[in-house]
Amino acid sequence: MLPKVIQYITDHQLATEGTKILVAVSGGLDSVVLADLLHRAKYNIAILHCNFGLRGEESDADELFVRKLAKSYEAPFYSEQFQTEAFAEQEGVSIQMAARTLRYTWFEQMRQQLGYDVIATAHHQADALETVLMNLVRGTGLAGLHGILPKNGHIIRPLLGFPKDDLYDWLVAKRLAWREDSSNESLKYSRNLLRHEVIPVLKQLNPNLDETFSQTLERLQGAEKVFLASFLEMKAKTQREENGATYLRIAPLQESPAPAVLLHEFLKPFHFSYAQTQEIVGAFEAQAGKTFTSPSHTLVKDREDLVITAKNLAHYGSITIPEETTNISFGPYTAHFTRKPKPEDYRIPKGKDHTALDAALLKFPLKLRVWKQGDWFIPLGMNGKKKVSDLLIDKKVPANLKQDVWVLVSDASLTWVIGQQLDNRFKVTADTQEVLEIKITRN
């Protein structure tokens, strides 16, 4: 299978010898096989893992498994823990949609921050069929009918041309361990219901479903290429990027014979539904200022443009801080990092928004995130643990401000409850050789 996967990657121009690949690994069979194949093919890989916190100890065990897998490959490992249920409730979306939005937003953030070229996911042939059927059930356009593509932007899918049986055979032949997600059997999830109940019936009607479906996808993908050629011409005169925002000129969209269909193509990367797109088109003549939101972005109808900006999803995940970082924004703040040797007469900075840590005790990348229930640290000058929730009670932080308290994390250990208390384990001492000073300013 390895030569075939390498050939598939080459044929579809997914990667070359020097391509830096972030591999999304859940710990399940498919992603373990993907990581193993890319490792054996000697690509430059790092491992990404999402812990959505939906299955308690089982989720944590998955993360530990993937961490050990990355170590066995001597590959860098990056993980993220999301408050998925809180995000789903906030945005009024399903748990699956919330997980997808958080996952791909974080993937792209990591790709940019770490300087990698592409992100590899473990989708295979069966996923393509399931995705098209799910899209049909929910309602979709031409893009939803062609299914999953081998490459979409910075996302690559090296296993898309292979059936599940091939992946299982590789797993057995190489004696690879994997984690079984208990939720995969639950019929409360739409995709599982489709996989276990609907597709077997369709295959009774057409035993050659996989083959005929593949032929249909090929024809649909060809039709989409014709459409996209015209779309790219329109995009060149309609879309521009300025100061971190995307601007879409309204006039060219109004002149289109199908404004909603065209606009939805523009808005797909920003996770707006087709129903929302129709509402936005209906507001073209409305007064400036009308606002629409998706789980990940905000769109404002201005006088001549639609202005799209990204939401800050850090409350539901975290912000990764590579070692070379000097400034990084989070919420309404900016953190400024200064690393320097400690002089003999060094004085620790004063003020609740300015601190110093022993740089040698930190493990990069660091993370910034909003505190969550169960977080604990060891307060400066003490030896025992203290929950952050108890600290905020002691500090009499108002309930409506607690959600805006951030923490700085090093390898799962809290180093600083920002604006509140430093962790004793990371304090600057007489033995400290190098300090990392951090100053927080409001934007």
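Q: Which helix is valine 172 in?
A: Valine 172 belongs to helix H8, residues 164–173. Helices are DSSP runs of H or I with at least four residues, strands are E runs of at least two, and both are numbered from the N terminus. This is a predicted model, where local features need pLDDT of at least 70 and side-chain atom pairs pLDDT 80 or more, while totals for chains, interfaces and linings use all residues. Residues are numbered from 1 along each chain as its sequence is written, and side-chain values use heavy atoms, without hydrogens and water.

Q: How does valine 172 count for accessibility?
A: Valine 172 counts as partly exposed, because its relative accessibility is 49% (buried is under 20%, exposed over 50%, partly exposed in between, with a 1.4 Å probe and protein chains only).

Q: Switching to salt bridges, how many are in the whole structure?
A: A search finds 15, each with a side-chain nitrogen of Lys or Arg within 4 Å of a carboxyl oxygen of Asp or Glu.

Q: Which residues are linked in a network?
A: Salt bridges link Arg240, Glu242 and Asp305. Arginine 240 and glutamate 242 meet at 2.9 Å, N to O. Arginine 240 is partly exposed because its relative accessibility is 31%, and glutamate 242 is partly exposed at 34%.

Q: What about glutamate 265 and lysine 268?
A: Their side chains form a salt bridge of 3.1 Å, N to O. Glutamate 265 is buried, because its relative accessible area is 15%. Lysine 268 is partly exposed at 32%.

Q: And glutamate 63 with arginine 67, where do they lie?
A: Both are in helix H3, four residues apart, about one turn of the helix.

Q: Is glutamate 63 buried or exposed?
A: Glutamate 63 counts as buried, because its relative accessibility is 9%. Arginine 67 is partly exposed at 34%.

Q: Which residues are closest to the centre of the second largest pocket?
A: Glu63, Arg67, Ser79, Asp411 and Ala412, out of 30 lining residues. (On a 1 Å grid over the protein atoms alone, a pocket is an open set of points where a 1.4 Å probe fits, with protein on both sides within 12 Å along at least five of seven lines; lining residues have an atom within 4 Å of a point.)

Q: Which elements give two or more residues to that lining?
A: Helix H3 (57–72) and strands E3 (77–81), E16 (366–370), E19 (406–410) and E20 (413–417). H3 gives the largest share, six residues.
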